[in-house]
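Please read the following briefing alongside the sequence and the coordinates.

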Amino acid sequence: MVRCPHCGYEGSGFKPLRDPWKFRFYVVMRLECPKCHGIFNHYSGVSPRGRRSEFTIRVKPVSY
């Protein structure tokens, strides 16, 4: 289950902001929270040793 690192919302309805991409053995998805509209990257994958790993990283908002 994905959890927003900004507000802690856990559930469904996260909006993908771009297509998923590969980073090493992870699949990375850039998501937007439906509650607070915070943007973050969600990493998930299985390591070469067979361990499942999943975490999120906040994305700093871009100011123009």
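The briefing below begins with the basis of the model and then turns to its strands, turns, cysteines and selected residues.

This is a predicted model, in which local features need pLDDT of at least 70 and side-chain atom pairs count only at pLDDT 80 or more, while totals for chains, interfaces and linings use all residues. Residues are numbered from 1 along each chain as its sequence is written, and side-chain values use heavy atoms, with hydrogens and water left out. The protein chain holds five strands and zero helices, where strands (E, at least two residues) and helices (H or I, at least four residues) are DSSP runs numbered from the N terminus.

**Overall build**

- Read from the N terminus, the order of elements in the protein chain is β-β-β-β-β.
- The C-alpha trace of the protein chain spans about 40 × 25 × 15 Å along its principal axes.
- Of the 64 residues in the protein chain, 27% are buried; buried means under 20% relative accessible area, exposed means over 50%, and partly exposed lies in between, with a 1.4 Å probe and protein chains only.
- The protein chain exposes about 4,900 Å², of which carbon and sulfur atoms supply 52%; accessible areas come from the Shrake-Rupley method with a 1.4 Å probe, and for residues only the protein chains shown count as cover.
- Among contacts (heavy atoms within 4.5 Å) in the protein chain between residues at least 6 apart in sequence, 24% join residues at least 24 apart.
- The protein chain carries 12 positive and 4 negative charges, whose mean positions are 8 Å apart; Lys and Arg count as positive and Asp and Glu as negative, whereas His and the chain ends are not counted, and the place of each charge is taken as NZ of Lys, CZ of Arg, CG of Asp or CD of Glu.

**Strand pairing around strand 3**

- Strand 3 (residues 26-32) pairs with strand 1 in the antiparallel sense over two bridges, and two strands are said to pair if DSSP finds at least two bridges between them.
- P16 has L31 in strand 3 as its bridge partner.

**Two hairpin turns**

- Most residues other than glycine have a negative phi.
- Strand 2 and strand 3 form a hairpin with two residues between them; R24, located in the loop between these strands, has a positive phi of about 55° although it is not a glycine.
- R24 is exposed because its relative accessible area is 70%.
- The hairpin of strand 3 and strand 4 has six residues between the strands, and H37, which lies in that loop, is a residue other than glycine whose phi is positive, near 65°.
- H37 likewise counts as exposed, because its relative accessible area is 52%.

**The cysteines**

- A disulfide is a pair of cysteine sulfur atoms within 2.5 Å, and by this rule the count comes to zero.
- C7 is in no disulfide, and the nearest cysteine sulfur, that of C36, is 3.7 Å away.
- C36 is in no disulfide either, its nearest cysteine sulfur being that of C7, at 3.7 Å.
- C7 counts as partly exposed because its relative accessibility is 35%, and C36 is partly exposed with a relative accessible area of 33%.

- M1 lies in the segment before strand 1 (15-16) and counts as exposed because its relative accessibility is 70%.
- Leaving aside residues up to four places away in sequence, M1 touches E10, G11 and E54.
- M1 and G11 are 10 residues apart along the chain, and their C-alpha atoms are separated by 6.9 Å.
- S44 is placed in strand 4 and counts as buried because its relative accessibility is 18%.
- With residues up to four places away in sequence again not counted, S44 touches F25, Y26, V27, R52, S53 and E54.
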